Amino acid sequence: MTAIWKRDVHSFFHSPLGFVYLAAFFAIMNLYFFATCVMSQSSDLSAVFANMLVVLMFLMPLMTMRLFSEEYRQGTDRLLLTAPVSVWEIVLAKFLSAMTVIAAAMVGTIPWLIVIVIFGTPAWPSIIGTYVALLCASAVFAAIGAFLSALTESQLIAAVLSFAVFLGIYILDMLQYSLDSELLTTLFNWLSIYSRYSTFTSGIFSLGNLVYFLTLTALFLYFTVRAVERRRH
């Protein structure tokens, strides 16, 4: 399992795609930080972190599309499935490789905190809660992306499917504000990843929201395992 994780992380950081992914993330988020905090001389990072989830949501397909699709295309999936590891270990290794890249991207935001500490007063409960929420929400997106990648050997199809699903999640969140039905508004708000994420950015820790993120992640990892097992047979 560790060998698969190391191989995938190494492959990502030594490919042009890895540099494009991280460069796009840092370019967009540093622009948000400069416009929102530096220009307005504000120490409130909540708006920056709120946009970070949306940016991650739409960049995630670039990272997850290759998790399994590339193995299928190169024919190396057979080697993985005959290795002395279980399918669960293979899926977890690939999922953790994606989360490692996401964590590396988040580490790159630490200079923001240094700037805020020097020139302002950080709202630490909100900042810590946001990083926890980012990891949890990103885990859901990574698990969904891994599942869709496990369904096809085409990286392009995997990326388009992931983008469509993530866009649907985003639209679902927006719809709740334009519905006349209180029941549907409540349902969409309960399903909304973004609404649950916003709770953490406000500095409010919610065990229910944490369980929601972890449950969704585990559910899609299970779906991924089932999809990979089907190829074994």
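Predicted model: local features only at pLDDT ≥ 70, side-chain atom pairs only at ≥ 80, totals over all residues.
Local features need pLDDT of at least 70, side-chain atom pairs count only at pLDDT 80 or more, and totals for chains, interfaces and linings use all residues. Residues are numbered from 1 along each chain as its sequence is written, and side-chain values use heavy atoms, with hydrogens and water left out.

Side chains of opposite charge can pair when their charged atoms come close. Here a salt bridge is a side-chain nitrogen of Lys or Arg within 4 Å of a carboxyl oxygen of Asp or Glu. The count is six salt bridges. One of them joins Glu-71 and Arg-7, at 2.2 Å from N to O. This pair links distant parts of the chain, 64 residues apart: Glu-71 lies in helix α4 (residues 69–74) and Arg-7 in helix α1 (residues 2–13). Helices are DSSP runs (H or I, at least four residues), numbered from the N terminus. Glu-71 is buried at 6% relative accessibility, while Arg-7 is partly exposed at 37%. Buried means under 20% relative accessible area, exposed over 50%, and partly exposed in between (1.4 Å probe, protein chains only). Arg-7 and Glu-71 also belong to a salt-bridge network with Asp-8 and Lys-94. Arg-66 and Glu-70 pair at 3.1 Å, and both are buried.

A nonpolar surface patch of about 600 Å² includes Ile-118 and Phe-119. Patch residues have over 30% relative accessible area and no salt bridge, and nonpolar side chains (Val, Leu, Ile, Met, Phe, Trp, Tyr) are joined within 5 Å. Helix α7 gives the most, with five residues. Ile-118 sits in α7 and is exposed at 58% relative accessibility.

Notes
Patch = residues over 30% accessible without salt bridge, like charges linked within 9 Å, V, L, I, M, F, W, Y side chains within 5 Å. Areas by Shrake-Rupley, 256 points an atom, 1.4 Å probe, with all protein chains shown as cover. Helix = DSSP H or I, 4+ residues; strand = E, 2+ residues; numbered from the N terminus.
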